[in-house]
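Q: I have a structure to go through with you, and I'd like to take it one topic at a time. Could you start with whatever term we need for talking about its contacts?

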Amino acid sequence: MSQPVMISSAIALVWLVVIALLVKRGSLGKIAALLLLILPLVAGNLYYFRWLAPQQAETARLEAARQKLATLPVWRTIKIQQPALYRQASDKLQNALQAGLAEQQAFDRLRPLAAELLNQRINTAADEDLIGYMKISLEEMKQLRQQSADRCFRFLFPQVRGGVDIAELLPPSLIESEMQTMDRLLANSRGGDRTVDLPHGRKQLQSVVKKLYGKWGSDLQTLNTPAEPGVDESKLCDMTIDLYQSVLALADKDSANVLRIIISGTGN
């Protein structure tokens with residue numbers, strides 16, 4: 001039995017004893033006693049079940065979500081490394097839940113905050129962490145492409161037509177793998193920038209692009225203009241998948257080099 005229920009029961013018992021004594025002494029009629037017994041119970045129950053209990057449940061729900069955020073991969077690392085960003089995420093989570101969003105949807109609203117930090121850490125990430133994360137991202141692209149070109153396109157280019165809720169569309173095991181690889185990348189990327197051999201990396205990228213041109217021709221140029229009217233979304237998804245598959249097929253050092261060039265936009 002919860003403490004509020006025990007307290008309420010004790011108060012009700014005391015009130016019942018007081019009324020019984022007043023009736024016994026003749027100071028209170030039976031009808032009045034019955035009203036005095038029932039009305040406070042009705043009022044108390046209305047107060048508890050209409051206002052207090054829902055408020056307590058909502059407070060507990062918000063606190064549980066905050067506790068969950070602190071233990072999730074990525075966010076547990078951000079809490080240590082970037083306290084201000086973590087507070088921003090926690091506030092955004094609470095606002096989303098109070099606005100009526102389901103818990104998973106509220107957590108998904110935090111993805112852009114983590115993604116922005118991730119992009120800032122690309123140049124300081126270890127090669128193996130960057131490659132591991134991109135392999136998971138590539139698998140997400142492939143699975144969304146199998147579902148539909150629209151979902152794949154929106155995943156790759158959320159700035160054009162809005163993103164997708166991958167938590168609803170992809171297997172939980174894949175989402176968990178993504179979170180774990182992101183967590184490793186963030187945890188191991190607090191040092192200085194990694195050395196990037198730009199001339200060699202650009203040469204490797206040009207070699208990859210040359211091979212892709214043999215397959216896709218001038219359509220490959222549309223990767224730079226995904227918002228262009230009439231763009232073939234299906235082909236854009238396939239070309240993007242082809243590009244990252246080709247880059248990840250390079251030797252690890254070369255692959256990491258080219259990935260940093262692509263993501264940072266220094267490939268010219």
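A: Contact here means heavy atoms within 4.5 Å. With that in hand, and bearing in mind that this is a predicted model, residues 24 or more positions apart account for 66% of the contacts in the protein with a separation of 6 or more.

Q: OK, and how many helices and strands does the protein have?
A: There are 14 helices and zero strands, and reading along the sequence accordingly gives the pattern α-α-α-α-α-α-α-α-α-α-α-α-α-α.

Q: What about the surface, and what share of the residues counts as buried?
A: Of the 268 residues in the protein, 34% count as buried. The accessible surface comes to about 15600 Å², and carbon and sulfur atoms hold 57% of that area.

Q: Switching to packing: at what angle do H7 and H14 pack, and how far apart are their axes?
A: Helix H7, which covers residues 127–147, packs with helix H14, residues 252–264, at an angle of about 70°, and their axes are 9 Å apart. Angles of 65 to 115 degrees count as roughly perpendicular, so H7 is roughly perpendicular to H14.

Q: And is that crossing left-handed or right-handed?
A: The crossing of H7 and H14 is left-handed.

Q: Which residues meet there?
A: On the H7 side they are Asp127, Leu130, Ile131 and Met134, and these meet Asp252, Lys253, Ser255, Ala256, Leu259, Arg260 and Ile263 in H14. By class, the residues of this contact divide into six nonpolar, one polar and four charged.

Q: Staying in H7, where does glycine 132 come in, and is it buried or partly exposed?
A: Glycine 132 lies in helix H7, and its relative accessible area of 23% makes it partly exposed, since buried would require a value under 20%. The C-alpha atom of glycine 132 is separated by 8.9 Å from that of methionine 182, although the two residues are 50 residues apart along the chain.

Q: New topic, backbone angles: what is phi of valine 74?
A: Phi of valine 74 is near 80°, which is a positive value in a residue other than glycine.

Q: Where is valine 74 found?
A: Valine 74 sits in the loop between helix H2, residues 30–71, and helix H3, residues 75–81.

Definitions and conventions:
Residues numbered from 1 in each chain as written. Predicted model: local features only at pLDDT ≥ 70, side-chain atom pairs only at ≥ 80, totals over all residues. Heavy atoms only, no water. Axes fitted to C-alpha atoms, helices over the stretch in contact; angles between N-to-C directions. Helix = DSSP H or I, 4+ residues; strand = E, 2+ residues; numbered from the N terminus. Parallel < 35°, antiparallel > 145°, perpendicular 65-115°, else oblique. Left-handed = near helix turned anticlockwise from the far one by under 90°. Nonpolar A, V, L, I, M, F, W, Y, C, P; charged D, E, K, R; others polar. Buried < 20%, exposed > 50% of the residue type's maximum accessible area, 1.4 Å probe, protein only. Areas by Shrake-Rupley, 256 points an atom, 1.4 Å probe, with all protein chains shown as cover.
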